[in-house]
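Student: I would like to learn how to read a ligand site and a helix pair. Could we go through them together?

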Amino acid sequence: MSLASVMRSEEKLLLPTYDRHKILFERGRGVYLWDSRGKRYLDFLSGIGVNALGHGHPAIQAVLKRQAGRLIHVSNLFFHEYQAELAKRLTKISRLDRAFFCNSGTEAWEGALKLARILARTSNSNGHKPKWRILALENSFHGRTFGSLATTGQAKYRDSFAPLLPGVRFVRFNDVKDLERKFDGSVCAICIETIQGEGGIQPISPEFLQLARKLTASTGALLILDEIQCGLGRTGRYFTFQHYGVKPDIVTIAKPLAAGLPLGAILTTSRVARGMHPGMHGTTFGGGPLACAVAIEFLRILDDLLKHVSEAGDYFRQQLQELKSKHGCVREVRGMGLMLGMELDSGDTAKAVVTELLQRGIVINRTHETVLRFLPPYIIEEKHIAQLLRALDAVLPAGTSKPAKQARNSHKGVKQ
Ligand SMILES: Cc1ncc(COP(=O)(O)O)c(C=O)c1O
């Protein structure tokens, strides 16, 4: 099948939701992908943080084959062997108590918001002032369904779909004063991505996260962390919050959990879980035997990869910093572990760099207009990073993309 014929059919048959690159990928192995013309690409995006073990990992293939031959789906009306086992592993590494399995990031986030409302409702049944408001962060991204959109602090995702879920207020990113001002006894949850991904690889500051923990603890509100992009080893620990010494009431995860199969999860405490009863929440597909069996295998392999993620991430980040000193168009390098971003001084330059790299056989993407995003598989090696850096060095303009004054102005509003 040719790229041209697929493009023609999609144009006629699909909802026009995606502006895809004109590449038809056919297969992958390790850190490489091959397109329909046989061209090889080094994968520094891993399907937006999903293929953490790269492509065609033999242990994942073996579990997939074995489990596909035994049982793929039974629904949540019945037991199967793997949900409890997977929950056991996830609660052990997160030090939380309970799990709920679903299909995607946005579905995990919706469930987390529902848990916050349920707990608030049940703990306010004695007639106290209702605690139902949610604080979310400007510049955040939590998914495309209505609750997720309502807590996503970027107009471009929200505005076409208003009115959204009521009761959500946005706090300026990393602004502790704004958080203090907006928090009161009517708030049932503070929602934070530990590192904003779609917002341009922006880590939350320790002061902000610690304050959010302190405020929520003082009223019994929940601290909900979205680690759908930054969790499960991406930053060199099982969870990014573990770098901060802060424990949330709920964390949501998804992307790499089942090594490419759709699987999301909510992890939470016993206190929060008490509000939930049979029939209040559920899913047909979520937590099926195939995805859960694969996720157990993913977590087994992850144990031995965390150190490598940290080391490779440190090397990668340091090398990106060196490129910054050579190229005037680079504003900042941000991120942790193998979740890194390089902010340029122009969206057009960032777009051109992505296209140039694709032509040179390297897959990255651009997020938040001006940020080159790197989310390679955890198995990436120094030699691959060096290859990307050589290509970046060749395609990044040496000077600034714009006159200095204009570039300074366009930087306004991008927070660190
Ligand atoms: C931080 C974060 N939350 C939620 C989501 C939504 O996940 P999904 O696309 O699986 O619904 C994403 C997806 O990019 C994300 O990065």
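**The ligand site and a helix pair**

Tutor: Gladly! Start here: an oxygen atom of the ligand is 3.0 Å from an N or O atom in the side chain of lysine 255. A polar contact is a pair of N or O atoms within 3.5 Å; within protein, one must be able to donate a hydrogen and the other to accept it, and residues adjacent in sequence count only if both atoms are side-chain atoms. Please keep in mind that this is a predicted model, where local features need pLDDT of at least 70, side-chain atom pairs count only at pLDDT 80 or more, and totals for chains, interfaces and linings use all residues. Residues are numbered from 1 along each chain as its sequence is written, and side-chain values use heavy atoms, with hydrogens and water left out.

Student: Which residue has a side-chain N or O atom 2.7 Å from a nitrogen atom of the ligand?

Tutor: That is aspartate 226. Threonine 106 takes part through its backbone, where a polar atom is 2.8 Å from an oxygen atom of the ligand.

Student: How much of the ligand's accessible area does the protein cover?

Tutor: Accessible areas come from the Shrake-Rupley method with a 1.4 Å probe; for residues, only the protein chains shown count as cover. Here the protein covers 82% of the 390 Å² that the ligand has on its own.

Student: And how do the axes of α4 and α11 cross?

Tutor: Axes are lines fitted to C-alpha atoms, for helices over the stretch in contact, and angles run from 0 to 180 degrees between N-to-C directions. Helices are DSSP runs (H or I, at least four residues), numbered from the N terminus. The axes of α4 (residues 83-94) and α11 (residues 289-303) come within 9 Å and cross at roughly 30°. Contact means heavy atoms within 4.5 Å; among the residues making it are Leu86 and Ile93 of α4, and Ile296 and Leu299 of α11.

Terms used:
Helix = DSSP H or I, 4+ residues; strand = E, 2+ residues; numbered from the N terminus.
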